[in-house]
Every structure is written in C-alpha cells, then in structure tokens.
Amino acid sequence: MSPFEHGEVFVLDDGGEADLDLGNYERFLDISLSKDNNLTTGKSVIARERRGDYLGKTVQVVPHITDAIQDWIQRVAHIPVDGRDGVPDVCVIELGGTVGDIESMPFIEALRQFQWRVGPGNFCVVHVSLVPVIGVVGEQKTKPTQQSVATLRSLGLNPTLLACRSSEPLGESVKEKLAMFCHVPVNQVLTMHDVSNIWRVPLMMQAQGAHLTISNILGLKGAEKINLSHWKAGLADKWDNLRQLVKIAMVGKYTDLSDAYLSVIKALQHACLAANRKLQIDWVEASHLEPQTKAEDSAAYDAAWEKLHNADGILVPGGFGNRGVEGKILAANYARVNDRPYLGICLGMQIAVIEFARNVLGWAEANSTEFDAATPNPTVVFMPEGSTTHKGGTMRLGSRRTLLQTVDCISAKLYQKEEYVDERHRHRYEVNPELVPLLEEHGLRFVGRDETGTRMEICELAGHRFFVAAQFHPEFKSRPFKPSPLFLGLILAASGKLDTYLSGKATPVASPVRPGPLKSLSSLPLSSLGSLENGGSLDGHLASAVAAKLNFTVG
C-alpha cells in the first residue's frame, strides 16, 4: 500500500501487514490482533483452490467466495484477542470502502447471507455516512446518506443504526428526516460530529445510548453498568487540559499525509498524556534539509532547519528508498552534536549509525547497501531472511525478541526490564555486525540485540542526554494508558524530566516468562471512527460497519 494513498502499514505480532484501522482497534480496545483478523478478496478461496478443494467445480464469486468469507468470520471470531480464556461475546466486522464499489460487492453479499446464517438477534448493522454542510447557509444535507442507505438496502442489508459524520451536531429536524427516509428509529440516528480529540468519541456514543441500543438488539447484558469515567478523566479531559508545550520535529519522507505516521503520532500522544505535556509536532520534510534544496528553494530549506533548531526533541521514523535519506542523516547529526533528544525508528536507527560512522569514525562514504550497493564502508547491510530482488514477502516482520545487553542503559530503565523486550519489526536491512566493536569503542552502544547476537536492535549514544534508536517499531504496541517506553523517554527528555523519572526506576524488574493478560477498555464496537478529531477526513466514507453477535470477539 502506498503511504501517500492509504497511510501507514500496521504490523501485527504474527507479522501480518494490515490497514491502519487494525491499529485503531488495538489501541482503543487494548487487544492484540493477528493476520487472520484482516481479510481481503480471494484470500481464502485461493488457498482452498491450491489445496484442490474445488476440483471438478467452477470457482465462482457466489457461492465460493461468499461462503469462504462467512466461514472465515465464524472461525476467526471464536479466537480470543484480549488475553482471556473462553469464547468471546461479540465480533466487530468493519466493511471498508463505499457502498456500491465493485471491490466490496462480494463482502456485502456474504454479509447479506450471513445475517440469515446467524439468525435474528445476532446481527447489527451500523452504517457510517457523511452529512455534509453545503454553502455559507450552513444547511446539513441528508441526500448522500439517503442515497447510500437506499443502495445498501437494495443489496439486502438494512442499517440498524446510522452513524452520521458531520462537522457539527445534527439538528433534531435533520435526525428526524434521516430516520423517516432511511427507515431507522430516530434514537438510532447517531450524530458523530467533530470533537476536540478522538477519545471523546466513545463518550459521545454513550451519551446517545448507542451501547444500550446495540446491547438490546444483540441480547447482551450489563450495558447500563459500563463506566467510562476513567476514560473521560484520564484521556479525553486530560488531553484537552494539557498546557505545557513540547515541540517534536518529525523528520520524515511522507509528511504530506500524516496518516502515513499514524501510529507514531498516537505513540507521541500517549507519551505526552503520561508526561503531562501538550504535543506540538513540527513536520520536517527530510529532503528540505539537504543542500540541494537550499539551491533550489532556499525558503523551504530555511523553514525546515528553523523547525529543527526550535524543536525540544527530534524523531526520525521509518521509511523506504533513498529519497530524503541525506536529510535524515543531517538531522541525526544535528541532534548528536547539539545534545538534542533524539529517537530513531527503523530507518531512523540505520541513518543514525551511518551518521556516526561518517562523522565520528571518519568514513565519509559510509552508507547502507540499500542506497549505495558499492559503498566502500557498508555500515548497514542486507542480512538474509529473504531476497533483495523480490520485495514482496521478504521483510523481517512481526514480533521479535530483543535481548538487553545491560541494565545500565536508558532503554532497560524505561522498559523496566532486565532481560528482554518483545517488539514488532518491518525491515530488510541491518547494522553491519562486523562494525559493531569499532562503533562501540567510539561510544555508540548497542544495548539491545536479537537472540543470535548478530542483529542490532537498540543503540544509545554514551554521554548524550537522550540519543536512542531502535530497529523495531515501538509505536505499534503503544496504548493510551500504556505508552511506549521509548516514546515516553523522548518526551521526558525533551521536557527536561527524564533524569527525575529514571531516578525512581533505577533497577529494572525481571522480564516476565510470558506476557500477562490484556484488559479490554470497552466492550463497545468502535468501527470507522478514526478521523473525528478537529474535522479530520472521513475514514471509509459512506462505509458500512457491521457488528455480528456470534459469541465471539473483536475481529
């Protein structure tokens, strides 16, 4: 998926690569999903055809693909994702795209059949639709929703609730009109207007009784006991009341679309909540830091460097390809030389090592073989878990164990672990292990390595107040009430609070033998709500979010 079109690729524990929506589910519900929780057209049918299940038959969309989709839902929905034993209660199915799109037709037909397979009282359709405001008059127009509902009903699915996206709360007359023309009770027309932060969305749904309606339809008990006071005080209200500013320069390659770094943004937000700091992200296009830009567009060059100079901390996230790499190396150099808090992720670690090799070891042509195959000083190299020529399915993906080499390092104290940490990966290239002794001799400590000892996972710069980089992606496991330790370290260092924080956490605890159970923050389905902050773009415009109760869980 192109980061400019779809945003980030979210990586799961088992190495599954999915749309960023699965990241929203993991963060909101504090769960861990797998590649089975993401279904694309043909995924199951191709596997069955290869096994010979259809020998002697003509494979068709109906019934083979639609049956495969339904079977997949029932199978995956019985698998717990919250760390607890027992068969789950509810499965949330997000059917993305726009009603009427050819890509979603097999799924809509599968769900039309599915409602009869599971029976009445086990199926609830939540239709997400846009209610735009046209012209200076400010009238809320219902025709797009009326049309999308008509199309959905013509395909055999009748919405139980309407989740109406709008810039402002729907007027009562607008809700009544939608109820009448969309064949939905007025109390089941939900206004999903822009709010100050994303964590207000569940509160907004609860205030409109969405949890009561859904529980009543699906025959679930206990909805009236749902208590979101901790969520309100610890997230929604707290975020709006943060006052002390911390400025983070995000030096990236896909800065025109913030969704390309959605998990990084969320991890920064989680860390700021824990550190009581108001986040300001200053986006820096990496290529604008390069001398070539100074010659071509001096204003863009000066603006990029001004943001870097004014930042309290610098973050260089992951990326692929050589565009902007030299700019990222310059950002790492600025952070190292000027003692600015620095966090590098994936490529951000690789360029930090390249910068160190060039300017500390004196290897002016040090580089990654990804960007210069003929470099005389290969600082970052391809280490086979796949092929350099075939890009698909060759990356080091999913959760991997990082063994901490010492407890006397910032990372161990932040993680509060003395042996290992488990984080998610998505990369092909690694720091050249042959150069590690020389790099460490000059002050670049590799405090985390893989279980073989040959792959460098975490590096820290000796004598720097916070210069930490990781080959893995810590942002993927960050949660609102459990911020990523490395992101928290960056924010604390940028706020001048890291030393105080670490002084109370000088002795890391033993790493657990196995992960503890994850707790669900809410039993409410929270589908297609990823862009309700301050008028953000609509995720899955006119999408249909379908919740089916089959004694199973979020899927």
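**The open sheet and its charged pairs**

Tutor: This is a predicted model, and its protein chain has 19 helices and 21 strands. Of the 555 residues in the protein chain, 56% are buried, and among the contacts with a separation of 6 or more, 72% are between residues 24 or more positions apart.

The part you ask about is an open sheet of 9 strands with mixed pairing, in the order β10-β9-β11-β12-β20-β19-β18-β15-β16. The edges are formed by β10 (278–285) and β16 (420–427), each of which has a single partner strand, so one side of each is left without a neighbour in the sheet. On average, and with direction ignored, neighbouring strands of this sheet are turned by 25 degrees against each other.

β9 and β11 run parallel and are joined by 3 bridges, with A249 standing opposite I314 in β11. β11 also pairs with strand β12 (residues 342–345), again in the parallel sense and over 3 bridges, and here L315 stands opposite L343 in β12. Both faces of β11 are covered, with G313 and L315 buried on one side and I314 and V316 buried on the other.

The structure holds 25 salt bridges, one of which is formed by E26 and R424, with their closest N and O atoms 3.0 Å apart. Because E26 lies in helix α2 and R424 in strand β16, this pair ties together parts that are 398 residues apart in sequence. Both E26 and R424 are buried. Salt bridges that share partners join E26 and R424 with D13, D30, R479 and K482 into one network.

Two further pairs can be set beside this one. The side chains of D71 and R117 meet in a salt bridge with an N to O distance of 3.0 Å; since D71 lies in helix α4 (residues 61–77) and R117 in helix α5 (residues 105–118), the pair ties together parts 46 residues apart in sequence. D71 counts as partly exposed at 29% relative accessibility, and R117 is partly exposed as well, with a relative accessible area of 36%.

In the other pair, the side chains of D194 and R165 meet at 3.1 Å, N to O, linking the loop between β8 (189–193) and α8 (201–207), where D194 is placed, to strand β7 (residues 161–166), which holds R165, 29 residues apart. Here D194 counts as partly exposed because its relative accessibility is 22%, whereas R165, at 5% relative accessibility, counts as buried.

K175, found in helix α7 (residues 172–182), is buried yet has no salt bridge, and the nearest side chain of opposite charge, E172, is 4.3 Å away; a salt bridge would need the nitrogen and the carboxyl oxygen to be within 4 Å. Leaving aside neighbours within four places in sequence, K175 is in contact with L170, V186, V189 and Q208.

Conventions:
Residues are numbered from 1 along each chain as its sequence is written. This is a predicted model: local features need pLDDT of at least 70, side-chain atom pairs count only at pLDDT 80 or more; totals for chains, interfaces and linings use all residues. Side-chain values use heavy atoms; hydrogens and water are left out. Helices (H or I, at least four residues) and strands (E, at least two) are DSSP runs, numbered from the N terminus. Buried means under 20% relative accessible area, exposed over 50%, partly exposed in between (1.4 Å probe, protein chains only). Lys and Arg count as positive and Asp and Glu as negative; His and the chain ends are not counted. Contact means heavy atoms within 4.5 Å. Two strands pair if DSSP finds at least two bridges between them. Axes are lines fitted to C-alpha atoms, for helices over the stretch in contact, and angles run from 0 to 180 degrees between N-to-C directions.
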